[in-house]
Amino acid sequence: MSRLNLQQQLEEIGSMDLNALRQAWRDRYGDPPSLRSTPMLQMMLAWRIQADAMGGLDADTRKALARTGAVEIEGRHLGVGARLSRTWKGRPVEVLVEEDGFRWDGMLYPSLSAAATAIAGSKWNGPRFFGLRDTP
């Protein structure tokens with residue numbers, strides 16, 4: 001594929017709506033990812049097309065990625081039984097790290113961010129909410 005043809009395809013992807021992106025993915029690769037984000041699917045499809053045309057990740061990058069291992073959920077490194085606490089809107093809150101997630105107020109959440117969002121009532125980064133990460 002020529003660079004001009006590649007550029008044209010990438011420009012077309014930039015103007016596609018979600019249904020057109022899903023169809024383009026289906027035509028090339030089979031079932032599309034179950035995303036509902038047009039920008040995310042545009043980026044994924046553009047990357048796949050470029051990788052097909054230009055070879056994708058080089059061997060060193062693939063090796064480096066393989067060495068990193070699985071992504072660990074932030075907060076899980078504290079260990080089962082760890083308690084995270086803070087005061088939110090004048091009341092103390094505490095989250096317990098468990099084997100399968102983070103428990104707050106009798107509910108188990110899959111991530112610390114999910115627990116923080118439930119506590120605050122709006123989207124929060126869990127590690128930042130509990131002071132495990134510096135604020136920018």
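Is Arg103 buried, partly exposed or exposed? Arg103 is partly exposed, at a relative accessible area of 29%. On the terms: buried means under 20% relative accessible area, exposed over 50%, and partly exposed in between, with a 1.4 Å probe and protein chains only.

Some ground rules. This is a predicted model, in which local features need pLDDT of at least 70 and side-chain atom pairs count only at pLDDT 80 or more, while totals for chains, interfaces and linings use all residues. Residues are numbered from 1 along each chain as its sequence is written, and side-chain values use heavy atoms, with hydrogens and water left out.

A salt bridge here is a side-chain nitrogen of Lys or Arg within 4 Å of a carboxyl oxygen of Asp or Glu. Side chains of opposite charge can pair when their charged atoms come close. By this rule there are two salt bridges. Arg103 pairs with Glu98, and their closest N and O atoms are 2.7 Å apart. In the other bridge, Arg83 pairs with Glu94, with 3.0 Å between the closest N and O atoms. Arg83 belongs to strand E1 and Glu94 to strand E2, so this bridge ties together parts eleven residues apart in sequence. Helices (H or I, at least four residues) and strands (E, at least two) are DSSP runs, numbered from the N terminus. Arg83 is exposed at 54%, whereas Glu94 is partly exposed at 40%.

Next, the loops between strands. Most residues other than glycine have a negative phi. Lys89, which is not a glycine, has a positive phi of about 50°. Lys89 sits in the loop between E1 (83-88) and E2 (91-98), and is exposed, with 73% relative accessibility. Asp105 also has a positive phi, near 55°. The loop that holds Asp105 runs between E3 (101-104) and E4 (107-109), and Asp105 is exposed at 62%.

Now the helices. How do H1 and H3 cross? The axes of H1 (residues 3-14) and H3 (residues 38-54) come within 9 Å and cross at roughly 170°. That makes the two helices roughly antiparallel, a label for angles over 145 degrees; under 35 is roughly parallel, 65 to 115 roughly perpendicular, and the rest oblique. The axes are lines fitted to C-alpha atoms, for helices over the stretch in contact, and angles run from 0 to 180 degrees between N-to-C directions.

Contact means heavy atoms within 4.5 Å. On the H1 side, the residues that meet H3 include Leu6, Leu10 and Ile13; on the H3 side, Gln42, Leu45 and Ile49 are among them. Gln42 is buried, at 17% relative accessibility. Leaving aside neighbours within four places in sequence, Gln42 is in contact with Ile13, Gly14, Ser15, Met16 and Leu21.

Met40, also in H3, is partly exposed at 38%. Gly79 lies in the loop between H4 and E1 and is partly exposed at 23%.

Last, the surface. Trp47, Leu57 and Leu65 form a nonpolar patch with about 300 Å² of accessible area together. Patches take residues with over 30% relative accessible area and no salt bridge, joining like charges within 9 Å and nonpolar side chains (Val, Leu, Ile, Met, Phe, Trp, Tyr) within 5 Å. Areas come from the Shrake-Rupley method with a 1.4 Å probe; for residues, only the protein chains shown count as cover. Leu65 lies in H4 (residues 59-68) and is partly exposed at 49%.
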